[in-house]
Amino acid sequence: MKIPKIKGIIDRRILINYQVDKDALENYLPKPFKPKLINGKGIAGICLIRLKEIRPKGLPKQIGISSENGAHRIAVEWIENGELKEGVYIPRRDTSSKLNSLAGGTIFPGVHHLAEFSVNESDGNYKVAFISDDETSLSIEAKETNNWNNESVFESLDCVSDFFENGSVGYSPYKNDFEGLELKAYNWKVSLLDVKNVQSSFFENENIFPKGSVKFDNALLMRDIEHEWIGLKKIKKSH
């Protein structure tokens, strides 16, 4: 079953981005995916996204649902029908919505872990955290800023914005396939966040990412983005 077109509003999207050693990502990623590199480093992170008015395209927004969601993402490349493609591999998804959790693999791609979210937003300050049903956790404390991190592997905000806009296709593992979804944003715009604190049980797991292989790079904010999610053809897992 192909995932249907879904429409709605991205009320708030925070992208927490890390620079990661190429070898660590190559050891972790399943085939056919390989890390997409910027200045020799892989890029991975977490997307914290609040969705509203989410419903199958063509239905009225009044029936749409809202939810807080987290997605762990790794920027990847792969060959498909002889052509080089780019996007993100999403090893896990977390959601506050029981419906999203139940609909994983049908309406939404991949397994969605049910999680408890805590959100506090005011005057350009953001505190977002979650802990999932299997104890995976994340927390971030940040505020809006115009100051660029000079230690970033990206040259500027425009460069990192283009990087993620071009990588709008995501694949999640589900049973024997990787299920794909494309984000089509009607008004793409990102701004910067200054991160005071960030904690991720996934990226701090030294069994996956050896000590010293992961370094915080930047965090981005998106608000009020009208969009569609478009289901893509599945990719078969290689064994």
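Me: Is Tyr 28 buried, partly exposed or exposed?

Reply: Buried means under 20% relative accessible area, exposed over 50%, and partly exposed in between (1.4 Å probe, protein chains only). Tyr 28 has 27% relative accessibility and therefore counts as partly exposed. Phe 202, at 10%, is buried.

Me: On what does this reading rest?

Reply: The model is predicted: local features need pLDDT of at least 70, side-chain atom pairs count only at pLDDT 80 or more, and totals for chains, interfaces and linings use all residues. Residues are numbered from 1 along each chain as its sequence is written, and side-chain values use heavy atoms, leaving out hydrogens and water.

Me: How many aromatic pairs does a search of the whole structure find?

Reply: A pair of aromatic rings is described by the distance of the centres and the angle of the planes. Rings of Phe, Tyr and Trp (its six-membered ring) pair if their centres lie within 6.5 Å; planes under 30 degrees apart count as stacked, over 60 as edge-to-face and the rest as tilted. The search gives 16 pairs.

Me: How exposed are Tyr 18 and Phe 216?

Reply: Tyr 18 is buried at 6% relative accessible area, whereas Phe 216 is partly exposed at 26%. For Tyr 28 and Phe 202, the centres are 5.9 Å apart and the planes at 75°, so this pair is edge-to-face.

Me: Which residues do ring pairs link into a cluster?

Reply: The cluster consists of Tyr 18, Tyr 28, Phe 202, Phe 203, Phe 209 and Phe 216.
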